[in-house]
Amino acid sequence: MLETQIIPIPILPLGMVNAHLIRSEAGCVLIDAGIPGSERKIGKVLARHGLTFRDIKLIVVTHAHTDHAGSAARLRQLSGAPILAHQDDADFYSRRRKMTYCTTSWVGKLFLKTPVPHEPYEGFVPDIMMTNGHTFNLLDFGVDGIVRHTGGHTPGSIAVELSSEDVMVGDLIASGILIGGMIFKGRAIRPPFEDDPAKVSHELRRMIESGGKRFHMGHGGPLEAPEVLRHALTLAKLGGNPCASGECHHHQH
């Protein structure tokens, strides 16, 4: 088994937006690319660990929101690494279609009124396009784990499940107050936007049953499996219709 180290990359302070680097002797895989212009922060964290952009062998973008996909095109240029993402978010990545947001709470509604979710980013076409039912093995990129389609947060959301019992779930779950904020970091919450809570609940429970112990996320975290399970069971009660207890908003340019 390849020894892996997970290096969190704070894109915004207080865990509000995170990217993650999975490092092994055989190569590094970057999970998410932060907001547009995040390459300087990512470069600094790499340098602190004696790495450069060229050590990144693959960029995995968990979904098409601007705080995860924003710097992907630029990071691909700097690293030469291919981008892996899912077909169901492809039109959002290429900027052909506008993102829709299903808000889960007043935080999401407030957040949508700020420019942050709507910040345009440089469009791109993923080099490796996952399709439904397809899992992707990361061993060729030096990491012992697989990428799997989950949906739930956005149509094309994907997650990385490592043999180290770490799971990188993007925005399937968040923690803390005000999206990763200062307090209650150990408590799971719904992210500000979520397409289908029943699907998210199902996927989180499946990951725990498959042996996931530590959950690393885009906002807040990391969380241990018991807290993730508590959250997944709460979500299951919300029912299965997409945008349950939420409202859909089209992304305005």
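Buried means under 20% relative accessible area, with a 1.4 Å probe and protein chains only. Helices are DSSP runs of H or I, at least four residues, and strands are runs of E, at least two, both numbered from the N terminus.

A word on the source. This is a predicted model, where local features need pLDDT of at least 70, side-chain atom pairs count only at pLDDT 80 or more, and totals for chains, interfaces and linings use all residues. Residues are numbered from 1 along each chain as its sequence is written, and side-chain values use heavy atoms, leaving out hydrogens and water.

Now take strand 9, residues 145-149. Its covered face holds G145, V147 and H149. I146 and R148 sit on the uncovered face. Strand 9 runs antiparallel to strand 8, joined by 2 bridges. Strands count as paired if DSSP finds at least two bridges between them. Opposite I146 stands N137. On to strand 10: 5 bridges, again antiparallel. There, H149 has I158 as its bridge partner.

Last, one residue elsewhere. F124 touches V61, A69, A72, A73, R76, I83, Y93 and S94, leaving aside residues up to four places away in sequence. Contact here means heavy atoms within 4.5 Å.

Terms used:
Buried < 20%, exposed > 50% of the residue type's maximum accessible area, 1.4 Å probe, protein only.
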